[in-house]
Amino acid sequence: DTVLGRKSRIGEHSKVAASSIGKNVQVLDKVSINSCHIWESCTIERSVTIDHAIVCDGVHILEGCVIHRGSVIGTGLTIGPNVIIPPGSFVTCHQGLHNELVNHEEDEAEIEKAIQENRFLKPIGSSAK
């Protein structure tokens, strides 16, 4: 029930179920991937969990990340370490939010609103709500 592409590798103590893994994907040790589509040339480091998600080409997911159900990680991104991607997130390198917040850096209400709307990635253990 899992398809593994050419030159891809699954590390020790990793579990991959009901997923498609593209070519040249490196999944390191203690990773859990369930019902996902991992495109090509990705690296998924140790102790990562990905559930019902899409990871596009060239993504690097650093140690300790959790990618929740329904999320899409855009091409060429590096995520982490120790970041939780909330369910249904679409993570991209779009500049819009960054530029908006740089221009309004002193406007704490706008920043708080962005955090509440999950427009920021929050590291595990972050005090941001």
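This is a predicted model: local features need pLDDT of at least 70, side-chain atom pairs count only at pLDDT 80 or more; totals for chains, interfaces and linings use all residues.
Reader: Is Ser14 buried or exposed?

Author: The relative accessible area of Ser14 is 16%. A residue counts as buried under 20%. Ser14 is therefore buried.

Reader: Which backbone nitrogen does the side chain of Ser14 reach?

Author: Ser14 touches Val27, Leu28, Asp29, Lys30 and Val31, leaving aside residues up to four places away in sequence. One of these contacts involves a backbone nitrogen, which the side chain of Ser14 reaches at 3.2 Å. That nitrogen belongs to Lys30.

Reader: Which are the edge strands of the open sheet?

Author: The open sheet is formed by 6 strands with parallel pairing, in the order 1-4-7-10-13-16. An edge strand pairs on one side only. The edge strands are strand 1 (3–4) and strand 16 (90–91).

Reader: Which residue in strand 10 stands opposite His37?

Author: Strand 7 (residues 37–38) and strand 10 (residues 54–55) run parallel and are joined by 2 bridges. His37 stands opposite a residue of strand 10, namely Ile54.

Reader: Which residues of the largest nonpolar core does Ile38 touch, among those that touch the most other members?

Author: The largest nonpolar core has 23 residues, and Ile38, Ile44, Ile50, Ile61 and Ile73 touch the most other members. Not counting residues up to four places away in sequence, Ile38 touches Ser20, Ile21, Gly22, Val25, Ile44, Ile50 and Val55.

How values were computed:
Residues are numbered from 1 along each chain as its sequence is written. Side-chain values use heavy atoms; hydrogens and water are left out. Buried means under 20% relative accessible area, exposed over 50%, partly exposed in between (1.4 Å probe, protein chains only). A polar contact is a pair of N or O atoms within 3.5 Å; within protein, one must be able to donate a hydrogen and the other to accept it, and residues adjacent in sequence count only if both atoms are side-chain atoms. Contact means heavy atoms within 4.5 Å. Two strands pair if DSSP finds at least two bridges between them. Helices (H or I, at least four residues) and strands (E, at least two) are DSSP runs, numbered from the N terminus. A nonpolar core is a set of buried Ala, Val, Leu, Ile, Met, Phe, Trp, Tyr and Cys residues joined through side-chain atoms within 4.5 Å.
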